[in-house]
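Subject: The structure I promised

Hi,

Here is the structure we talked about, for you to open and look through. Have the viewer ready while you read the rest of this message.

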Amino acid sequence: MKLYNQKEHQEQVSFGQAVRQGLGRNQGLFFPSELPQFSDIDALLEMDFVTRSSKILSAFIGDELSEETVSQMVDSAFQFPAPINKVKDGVYALELFHGPTLAFKDFGGRFMAQSLAAVTADSESDITILTATSGDTGAAVAHAFYGMDNIKVVILYPKGKISPLQEKMFCTLGKNITTVAVNGTFDDCQALVKQAFDDAELRKEVGLNSANSINISRLMAQICYYFEAVAQLPKAEREQLVISVPSGNFGNLTAGLLAKSLGLPVKRFIAATNENDTVPRYLQTGEWSPKVTVPTISNAMDVSQPNNWPRIEELCQLKGWGLNELGYGAVTDEQTAETLKQMNEEGYLCEPHGAIAYRILNEQLNDGETGLFLCTAHPAKFKEVVDEILDKDIPLPAPLAKHNAMELLSLERDNDFEAVKAVLRSVQ
């Protein structure tokens, strides 16, 4: 299947090229030239997670990679479950934190690593992956690519604006993983990544690639767990399904809408944000007016200029869906804390991002509808915040305990492109 650059439609590439490049010319996002559809969704939902995911991803990739190869990639990437958990009558949590770095980005990061290995198998050139993280992408990407031959990884993150345990998960590895604490916001880090991709000479010199959700392979992997969630629901609760997605860079919601375009029965989606509410305000007023990013206790969503939003608009236009069909809402830190306490009283331990999705879902769910909200990270990744709000002492899962005891290896740099360029050249 071909993919096209949303900013320059004449630039059309294969799946392999899209994975290797990350971004198209003029920082354009790649988008599938055809949107496959499945005629028998019930049969698809009866399959196990790996078999179903292989079929979904093969439908997008086409004959560029054999179904056997895709199946092996999925089997290697998805070695952990994505269970749903009933929180109360008619409301379920999709728990996406059972992977090695305890966050939903393990699915996309590990599948991208498999994809890149598959499409560069015959290449002797080194690749440098440059990515920005607001918390969880960094860990997923670092662990997915750790120790891989011919691949260097450089991760930018906003200094002091991710949780200490998030930082420890990916800034303690070393080897082929270099982490840079930038004196700025996540949006600054994201802008530096885009600037690097616009530098054609640098891009060629270091073999630049990106592992943000702008990389189509990561996005495609995320489609699969929406099907897995619906497959676990009682059949009677599948027809009036509303899914609330905690949203920062909007890759997760993009993947959900792509799942719907394949035929997954979802009545509507809700875009749930924190106080960085560019999209909710846009859906309400029709005016795109990003503000300066503000730090919140749901830091992985501290994004004011979400990269994936153009893909959502493109998809809605192609499918004839109105943006007014999307639910939306923004939640303050105070409301997030209130919701975490409420969920704890109801017997479910959550963290700020999932709590935001849960709160807006409850506000907008109608009689007769089933609600599903995404839990994107293990509560212990936000231990300081959750412990304080709930007056608890959450035990650390083994992966977090291991990395928490290790030394931070990060470099610190100003929000300056020349400084980042020097780091990229130094790791070669």
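Below is what turned up, region by region.

One thing before you start: this is a predicted model.

**The strand β10**

Start with strand β10, residues 241-246. How many of its residues are buried? The count is 6 of the 6, so β10 is largely enclosed by the rest of the structure. As a general point, side chains in a regular strand alternate between the two faces of the sheet. In β10, one side carries Leu-241, Ile-243 and Val-245, the other carries Val-242, Ser-244 and Pro-246, and all of these are buried.

Now look at what pairs with β10. Strand β13 (residues 370-375) runs parallel to β10, with 4 bridges between the two, and there Val-242 sits opposite Gly-371. Strand β11 (residues 268-273) is also parallel to β10, joined by 5 bridges; here Val-245 faces Ala-271. If you follow the chain from β10 through helix α11 (residues 251-262) to β11, you trace a right-handed β-α-β unit.

In soluble globular proteins, nonpolar side chains tend to be buried together. In this model, the largest nonpolar core has 126 residues, and the ones with the most contacts inside it are Ile-129, Phe-145, Tyr-226, Phe-227 and Phe-373. Which helix gives the most to this core? That would be α10 (residues 216-232), with 12 residues.

Leaving out residues up to four places away in sequence, its contacts include Met-112, Leu-116, Val-141, Phe-145 and Ala-211.

Helix α3 covers residues 49-61, which makes 13 residues. From its first C-alpha to its last it reaches 18 Å, close to the 18 Å expected at 1.5 Å a residue. It is mostly covered, with 10 of its 13 residues buried; among them are Phe-49, Arg-52, Ile-56, Leu-57 and Phe-60.

Both ends are worth a look. At the start of α3, a side-chain oxygen of Asp-48 comes to within 3.1 Å of the backbone nitrogen of Val-50. After α3 comes Gly-62, with a positive phi near 75°.

Thr-137 belongs to helix α6 (residues 136-145). Is Thr-137 buried or exposed? Its relative accessibility is 3%, so Thr-137 counts as buried. Its side chain makes a polar contact with the side chain of Lys-105, at 2.7 Å. Beyond its neighbours within four places in sequence, Thr-137 is also in contact with residues including Thr-131, Ala-211 and Arg-218.

Gln-166 sits in helix α7 (residues 164-170). It has 0% relative accessibility and therefore counts as buried. The side chain of Gln-166 reaches the backbone nitrogen of Ser-163 at 2.9 Å. Setting aside residues up to four places away in sequence, Gln-166 touches Ser-134, Gly-135, Asp-136, Asn-299, Ala-300, Lys-381 and Phe-382. For a sense of scale, the C-alpha atoms of Gln-166 and Gly-327 are separated by 29 Å, and these two residues are 161 residues apart along the chain.

Happy exploring!

Methods: Residues numbered from 1 in each chain as written. Predicted model: local features only at pLDDT ≥ 70, side-chain atom pairs only at ≥ 80, totals over all residues. Heavy atoms only, no water. Buried < 20%, exposed > 50% of the residue type's maximum accessible area, 1.4 Å probe, protein only. Polar contact = N/O pair within 3.5 Å; in protein donor to acceptor, adjacent residues only side chain to side chain. Contact = heavy atoms within 4.5 Å. Expected span 1.5 Å × (residues − 1). Pairing = 2+ DSSP bridges. Right-handed = clockwise from strand over helix to strand, strands pointing away. Core = buried A, V, L, I, M, F, W, Y, C linked by side-chain atoms within 4.5 Å.
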